[in-house]
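I opened this model to take notes on a few loops, some strand pairing and the overall build. The entries follow the order in which I looked things up.

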Amino acid sequence: FAVYGKGGIGKSTTSSNLSVAFTKLGRRVLQIGCDPKHDSTFTLTKRLVPTVIDVLQSVEFHTEELRPEDYVFEGVGGVMCVEAGGPPAGTGCGGYVVGQTVKLLKEHHLLDDTDVVIFDVLGDVVCGGFAAPLQHADRAVIVTANDFDSIFAMNRIVAAIEAKARNYGVRVGGVVANRSKSTEEVDRFCAATGLERLAHFPDLDAIRRSRLKKATLFEMDETPELEAVKAEYLRLAARLWAGTEGRKASPMADRDIFDFLGFQ
């Protein structure tokens with residue numbers, strides 16, 4: 001699964017909690033952070049782990065000297081965690097690093113030796129190396145909120161996925177509504193473009209606090225609200241594992257979605 005969505009929408013929170021949910025279903029999970037900020041997996045590992053670019057630099061990019069344990073770290077529930085990393089801000093191409101990470105994972109057969117692989121991909125950037133996960137994923141999952149900016153970004157992501165689908169096996173698996181009280185705009189967009197909403201996670205303060213505590217939701221103190229969210233993650237994991245229909249979505253032109261979204 002390749003997880004995309006507007007920057008700041010909660011892809012890492014969604015990915016990490018989904019990873020734990022998969023382990024609770026008995027699956028072996030590999031989560032790959034594809035953001036130069038390398039903060040996808042810290043709620044799983046409780047630290048900022050060394051990145052692939054860090055370890056490659058340490059061996060002067062001689063990949064034959066690396067072992068999986070040099071850049072793969074175990075997190076909550078046994079989730080295997082990898083952070084691609086990237087160059088310092090403004091100094092190079094982070095997408096290139098994502099491509100190199102995927103290449104290294106393939107060399108060590110890590111994409112094949114697990115039940116579930118989750119790519120947590122930077123923002124709504126789908127060019128170059130940041131599109132590399134789409135070449136290896138079976139399904140793309142888009143995280144969105146019930147607002148203009150998130151859905152506008154989602155529409156462009158869908159267009160990129162459909163372009164990749166012409167040459168690769170990836171298909172849009174569905175949409176996750178996150179940090180939203182309601183889902184009416186998300187559902188209206190899905191109905192118009194052939195997408196499906198797979199889950200809905202409300203904007204709870206416990207979710208914000210989990211990031212500050214460097215913990216997954218499955219480690220937080222139990223409350224009725226939080227129990228409902230954890231149950232939704234388990235339901236989403238079960239549904240994704242069972243297999244979602246690969247959808248042929250029909251994204252809108254930018255001006256069309258501009259007119260489509262919102263109300264008078």
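I began at Ala253, which sits in the loop between helix H8 (224-242) and helix H9 (254-260). I am working from a predicted model.

Buried needs under 20% and exposed over 50%.

Ala253 and Asn155 are 98 residues apart along the chain. Their C-alpha atoms are 8.5 Å apart in space.

**Positive phi**

Next I went through backbone angles. Most residues other than glycine have a negative phi. I noted two non-glycine residues with a positive value.

Phe61 has phi near 65 degrees. I placed Phe61 in the loop between helix H3 (52-58) and S3. Its relative accessibility is 44%, so Phe61 counts as partly exposed.

Lys214 is not a glycine either, and its phi is about 55 degrees. I found Lys214 in the loop between helix H7 (205-212) and H8. Its relative accessible area is 42%, so Lys214 is also partly exposed.

Gly77 takes a positive phi near 70 degrees in the hairpin of S3 and S4. That hairpin has five residues between the strands.

**Strand pairing around S4**

In which sense does S3 pair with S4? Strand S3 (residues 73-74) pairs with S4 in the antiparallel sense, over two bridges. I see Phe73 opposite Cys81 in S4.

I then followed S4 to strand S2. Strand S2 (residues 29-34) and strand S4 (residues 80-83) pair in the parallel sense. I count four bridges there. Gly33 stands opposite Glu83 in S4.

**Whole protein**

I stepped back to the overall build. The protein has nine helices and eight strands. Its radius of gyration is 18 Å, close to the 18 Å that the globule rule gives for 264 residues, so the protein is as compact as a globular protein of that length. Along the principal axes, the C-alpha atoms fill a box of roughly 60 × 45 × 35 Å.

How much of the protein is buried? I get 52% of the 264 residues. I also looked at contacts between residues at least 6 apart in sequence. Of these, 74% join residues at least 24 apart.

Last, surface and charge. The accessible surface comes to about 12100 Å², with 50% belonging to carbon and sulfur atoms. I find 31 positive and 36 negative side chains. The centres of the two sets lie 3 Å apart.

Conventions
Residues are numbered from 1 along each chain as its sequence is written. This is a predicted model: local features need pLDDT of at least 70, side-chain atom pairs count only at pLDDT 80 or more; totals for chains, interfaces and linings use all residues. Side-chain values use heavy atoms; hydrogens and water are left out. Two strands pair if DSSP finds at least two bridges between them. The radius of gyration is taken over C-alpha atoms; the globule rule is 2.2 Å times the number of residues to the power 0.38. Buried means under 20% relative accessible area, exposed over 50%, partly exposed in between (1.4 Å probe, protein chains only). Contact means heavy atoms within 4.5 Å. Accessible areas come from the Shrake-Rupley method with a 1.4 Å probe; for residues, only the protein chains shown count as cover. Lys and Arg count as positive and Asp and Glu as negative; His and the chain ends are not counted. The place of a charge is taken as NZ of Lys, CZ of Arg, CG of Asp or CD of Glu.
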